[in-house]
2 protein chains.
Amino acid sequence: MTATEQKNLQFTSSDEHIRELLTHMNIISDLGAFSALADWDQQTGMPEGAGEARAHQMATMQGLIHERLTNPRLGELVLQLEEVVKQPEYTDADRGLVYHARRSYDQSTKLPREMVEEMERVRVKSFEAWVKARHNNDFASFSPWLQRTVEFQREVADRFGYQECRYDALLDLYEPGLTASRVDVLFAPVREVSATILKRIQESGHKVDTSSLSNTFPVEKQQELNKHLLESMGYDFNRGQMAVSAHPFTTSFGSPLDVRLTTRYDEKNLPWSIMSSLHEGGHAVYEQGCAPSLLRTPLASGASMGVHESQSRLWENGIGRSEAFWRGQFPIVQRAFPEQFQNLDAKTFAHALNHVEPSLIRTEADEVTYNLHIIIRFEIERALINGDIAVESLPSIWSSKYKEYLSVEPPTDSLGVLQDVHWSSGFGYFPSYTLGNLYGAQIYSKLRSVFPDFDARLEQGDTRFVLSWLQENMYAYGATYKPADLLKRVVGEEADPQYFVRYLTEKFSGIYNL
Amino acid sequence: MTATEQKNLQFTSSDEHIRELLTHMNIISDLGAFSALADWDQQTGMPEGAGEARAHQMATMQGLIHERLTNPRLGELVLQLEEVVKQPEYTDADRGLVYHARRSYDQSTKLPREMVEEMERVRVKSFEAWVKARHNNDFASFSPWLQRTVEFQREVADRFGYQECRYDALLDLYEPGLTASRVDVLFAPVREVSATILKRIQESGHKVDTSSLSNTFPVEKQQELNKHLLESMGYDFNRGQMAVSAHPFTTSFGSPLDVRLTTRYDEKNLPWSIMSSLHEGGHAVYEQGCAPSLLRTPLASGASMGVHESQSRLWENGIGRSEAFWRGQFPIVQRAFPEQFQNLDAKTFAHALNHVEPSLIRTEADEVTYNLHIIIRFEIERALINGDIAVESLPSIWSSKYKEYLSVEPPTDSLGVLQDVHWSSGFGYFPSYTLGNLYGAQIYSKLRSVFPDFDARLEQGDTRFVLSWLQENMYAYGATYKPADLLKRVVGEEADPQYFVRYLTEKFSGIYNL
């Protein structure tokens, strides 16, 4: 990193207004850490009977964060600083700080505190209701919570404002500036290439050999294996922790110093835990890689959720489902499961992880069909928020879309509309995954051009060169730059779906001999 | 519970000032829950590298709690309400709420916010330093943190004020109104009876048979066993959780809905985990027993730390080290360890748990020598806070006191002055344990007089009648009443060490045939 780049990660604390703004944002960031910790606790260990107490606590916390974010002094500071930080003696970190403070101030002042608190109470209880509903395959018990969430999200959208459609206001929360019509443009080639490759695979009659995965893999051994894989990809357990939850996730209580992830286990399904560990590991190394100087600020995070997913999907798929990676890492798998994988080679294992088949569950989907799961959710979310469909109709719409896009039909709602945690808290996140696949493919292509011996190094079991490069060129900056600016810094151009189209076509043409 | 008693657990929410005060205290209580959750996390799972971030977060939180506790409007409300709630139409819960709000307002307004924040930063880092120092047997590395804590605690005492000695101000934090000279009076008979019985046991030459405990007890099986024992004593896992930490503790993030405990394990030492589970279980059923109407208020807690320890020590010792209890529960132990306890009877097991021998570690001490460990700490704390001894001299003073009181000498500081977590956060807590033994013996005596078939029911494996009685007559009230008032309600008289003297004398005369 050059001296200029390093300087750009520092705040100009000689400016008393920057110092004052930092104090505001440090406190807000600390409160956010408590909120995230309580969320982590709720998903990894909280007793069932604690829900009522926790809902009150979380509402109180969101109310306090809202109080801090709407502090008129914060608004004044931001206005004063916006012009000032454009001057060249200020740093990109200063500019990023002012940008994020402004954005959260503007958003927060559009929502009354009582609404923020009530939304949080509903979110906590809705999560509980979702866990039970999925467990009992009981959409009807979740439906009233979903209804309230939809109403709140519509109100949020209306208060935030939008140009083309109401759903755009929610998309903007996760990917600043994103609109549904832009998603249509970006996703069209993805949809087309997915359908085309799937059809070619199905028509080819070729199959990959997945018989090695039809076995029993004790959970304890899987946990050890995942720990080794995460260590091998550079996740630092000294600043992290791995736990178990119903829906895997990554969270931070102060990046880069405390970044934790969860996974889930099924002794009959080894890829489930491995691939979700690599996915969450991607999120986690991104957060662990941000510069320590950004601690306790909104910059100690990812540039957007799409950019965040670019790293989870890059590590899970571009790297974690490549033959070269498993040539390097398969010995770890064999050490964990010597009996199960005695006579298997890395190539067969890697190919088995790339078995393509339309399926019901998004998080288990192969790379070819994955984005179709996302497009289904995007279409449903947009219609739901824009008011074109009703909550009660979700199970049947879900089924018909799965039939249309993937030719499968969920036998239960638990395997259908209830499978994901996301809608217990809000709408607008799902497109981030496909955006992540697009950004990820661009970054993957860049990595391969920077390192002509990319595969050879992976085959030797080395992934640290990838992490180092990403850390220096991308992770260190956290949310200092806006997504498009960051992408330009990292790959030199704008978002372009053609990288993903080429990646998918080449990869699966190879594996399936198309 | 009578209608009057039930009414006394409700707040008079028809009074708008009570409602307003409740809103203040609800928020403060919620913030306290976040702080407790972060503490729980630090002791049960937080990665080592997160310390710096966590210290900032905890300081921010204490600063915000302080800000809320010193809110001038809170002060006004309390002044207005103090006279009002004396009227008979108000409830004991109202009076308790105003008392606690007043007490915390008075205390908080005596400390500047910056001091509270810095104390919290030091506390978090001091805990970390203690963990490392104990692990490495390195008192010198902990000493500077201890020094800062002593200085802070002296300043707190000076700001709070006191009549006889500075240490009194700290005692008052845990047991309102307690003074060192009162401790001297209460502890004198305890010290005497402990020394007397110990001498008589040693001179008798009698030994209890502990050979059954010299075995290996796999940690997983111990965990299952402790879970069963806790369930059997009425701890509700639906509103709780059991984890592992270096120093066992109980905490609450909203009593009675979320009360958790930890224990620790050594496969060579079964009593360690069993007795600490019963001890923490006693704290936990107390908190779980408080009336749901007290949720999110300072009344949803124990009446004082001495009263709290009365329940941990009652369940651990009065009940949990009695022969009758183990006649009822030993089958659970045998199911967990069928090989180890194949040919053992409950009486021999119970007696083994009552083996008396001067030892180095407080938490493992028998009931005869336990209070000598406390008296040592009390004497050291008092001298340290009053300025009569220096931090550097603690290891040698510790050794000489252990020699004097218990005729043992710690070979290392880890087994000596570094064994307890308490001094990483403050001083004045230790006397609560012996107070707890005194209160506990009185309550135990009351229980036996209420239930003439006390032993017979324990022998049948029933402990629920104890929990029900305590819940109705004591636990439900939480901190509604001051310790002395609560004790009078429960046992009908004031604190009196003679109950403990008689309990100890009778019990050990029996076991050791004195």
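Reader: At 2% relative accessibility, does F378(A) count as buried or exposed?

Author: In this predicted model, F378(A) counts as buried because its relative accessibility is 2%, and buried means under 20%.

Reader: What kind of aromatic pair do F187(A) and F378(A) form?

Author: A pair of aromatic rings is described by the distance of the centres and the angle of the planes. For F187(A) and F378(A), the centres are 5.9 Å apart and the planes make an angle of 65 degrees, an edge-to-face pair. F187(A) lies in helix 9 (residues 180-204) of chain A and F378(A) in helix 15 (residues 367-386) of chain A, so the pair ties together parts that are 191 residues apart in sequence. F187(A) is buried, with a relative accessible area of 4%.

Reader: Why is the pair of F451(B) and F465(B) edge-to-face?

Author: The planes of F451(B) and F465(B) stand at 80 degrees, with the ring centres 4.9 Å apart, so the pair is edge-to-face. F451(B) is in the loop between helix 17 and helix 18 (454-459) of chain B, while F465(B) is in helix 19 (residues 464-473) of chain B, so the parts tied together are 14 residues apart in sequence. Both F451(B) and F465(B) are buried.

Reader: How many aromatic pairs are found over all chains, and which residues do ring pairs link into a cluster?

Author: The whole structure has 59 aromatic pairs over all chains. One cluster linked by ring pairs includes Y174(A), Y370(A), W398(A), Y402(A) and W423(A), and also F427(A), Y429(A), F430(A) and Y433(A).

Reader: Where does the charged end of R489(A) sit?

Author: The charged end of R489(A) sits over the ring of Y477(A), 5.0 Å from the ring centre. In chain B, R377(B) lies over the face of F430(B), at 5.4 Å from the centre of that ring.

Reader: What separates K199(B) and E203(B) in helix 9 of chain B?

Author: About one helical turn separates K199(B) and E203(B), because they are four residues apart in helix 9 (residues 180-204) of chain B. They form a salt bridge, with the closest N and O atoms 3.6 Å apart. K199(B) is exposed at 52% relative accessible area, and E203(B) is exposed at 58%. Elsewhere, salt bridges that share partners join D41(A), R54(A), D258(B) and R260(B) into one network.

Reader: Which residue does the UniProt annotation "active site" cover?

Author: In an unreviewed UniProt entry, the annotation "active site" covers E280(A). E280(A) is in helix 11 (residues 270-288) of chain A, and is buried with a relative accessible area of 6%. Leaving aside neighbours within four places in sequence, E280(A) is in contact with P248(A), F249(A), T250(A), L261(A) and T262(A).

Terms used
Residues numbered from 1 in each chain as written. Chains lettered and ligands numbered in written order. Predicted model: local features only at pLDDT ≥ 70, side-chain atom pairs only at ≥ 80, totals over all residues. Heavy atoms only, no water. UniProt positions renumbered as here; feature names shortened; annotations may be inferred. Helix = DSSP H or I, 4+ residues; strand = E, 2+ residues; numbered from the N terminus. Buried < 20%, exposed > 50% of the residue type's maximum accessible area, 1.4 Å probe, protein only. Contact = heavy atoms within 4.5 Å. Salt bridge = Lys/Arg side-chain N within 4 Å of Asp/Glu carboxyl O. Phe/Tyr/Trp six-rings, centres within 6.5 Å; stacked < 30°, edge-to-face > 60°. Lys NZ or Arg CZ within 6 Å of the ring centre and 35° of its normal.
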